[in-house]
Amino acid sequence: MKIKLLYFGRPREILNTSGETVDVPDGIATLAEMLAWLRIRGENWALELTDKRVRCAINQEVAALSDPIHEQDEIAVFSSISGG
Amino acid sequence: MNISIQDEDFELAAELAALRASSAKVGALVSFVGLVRDFSGGEKIENIYLEHYPGMSEKALEKIIAEANARWRLLGVRVIHRVGMLLPNEQIVLVATASEHRGDAFAACEFIIDYLKTAAPFWKREQTSRGTAWLETKDSDVQRMERWHSEKS
């Protein structure tokens with residue numbers, strides 16, 4: 001399943017990437033499972049993308065980590081928002 | 001367009017004049033301008049860096065403004081949020097509201113900035129002599145936003 005990933009805030013800086021297209025392996029159906037898969041990439045990923053620390057949006061709507069992901073989704077991964 | 005996300009600074013007087021000119025029915029104009037403070041937890045701030053999620057940030061602000069329009073009788077709304085590198089005392093954000101009477105303009109202006117703080121995808125990084133830190137949503141901002149759930153006007 002191909003999805004578009006975007007990173008903002010702290011994860012964008014620490015992981016040194018603002019976006020990528022990934023091919024998520026079969027069996028990964030939710031945001032939480034996708035994050036667990038990304039955490040395997042290395043120490044920074046494991047530390048930065050914890051369920052507690054990270055927030056996500058699917059197709060530009062804030063989403064819960066239990067929400068399902070779908071082919072071609074635009075998924076944003078970011079730290080706690082702090083505008084204004 | 002009543003929403004702008006931009007690097008450039010804005011001119012408060014010009015924005016209010018435009019809102020005033022938009023309708024002869026306007027009897028009240030209220031504005032809030034958020035600035036960069038020069039201190040944070042006892043540390044002197046050298047600069048802040050702001051980024052946003054293009055596409056989602058505009059949508060989130062449109063939704064907040066639509067909710068304000070549903071709650072109060074408004075004649076106009078203007079929101080400007082700056083991004084990029086900003087120095088202490090610089091303007092970060094403008095929320096301006098126009099209505100026939102001041103009650104609606106005051107309430108809607110406060111509602112929009114309270115929601116913007118907690119629901120619009122912007123991120124702020126502070127630079128002090130100790131280094132940089134990404135800010136978290138403040139509990140006090142969440143509490144201010146939650147007041148509007150119980151206080152339906």
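In what order do the five strands of the open sheet of chain A lie? In this predicted model, in which local features need pLDDT of at least 70, side-chain atom pairs count only at pLDDT 80 or more, and totals for chains, interfaces and linings use all residues, the order is 2-1-5-3-4, with mixed pairing. Residues are numbered from 1 along each chain as its sequence is written, while chains are lettered from A and ligands numbered from 1 in the order in which they are written.

Strands are DSSP runs of E with at least two residues, helices are runs of H or I with at least four residues, and both are numbered from the N terminus; two strands are taken to pair if DSSP finds at least two bridges between them. By these criteria chain A has three helices and five strands, and along the sequence they follow the pattern β-α-β-α-α-β-β-β. Within chain A, strand 1 (residues 2–8) pairs with strand 5 (residues 74–78) in the parallel sense over five bridges, and Phe8(A) stands opposite Phe78(A) of strand 5.

As for overall dimensions, the C-alpha trace of chain A spans about 35 × 30 × 20 Å along its principal axes. The radius of gyration of chain A, taken over C-alpha atoms, is 12 Å, which agrees with the value near 12 Å of a compact globule with 84 residues, the globule rule being 2.2 Å times the number of residues to the power 0.38. Of the 84 residues of chain A, 32% count as buried, that is, they have 20 or more other C-beta atoms within 10 Å of their own, with C-beta atoms placed from the backbone.

Between the chains, 13 residues of chain A are in contact with 21 residues of chain B, contact requiring C-beta atoms, placed from the backbone, to lie within 7 Å. In chain B, strand 8 (residues 122–128) and strand 9 (residues 131–134) pair in the antiparallel sense over four bridges and form a hairpin with two residues between them; the bridge partner of Glu126(B) in strand 9 is Ala133(B).

Definitions and conventions: Two residues are in contact if their C-beta atoms, placed from the backbone, lie within 7 Å. A residue is buried if 20 or more other C-beta atoms lie within 10 Å of its own, exposed if 12 or fewer, and partly exposed in between; C-beta atoms are placed from the backbone.
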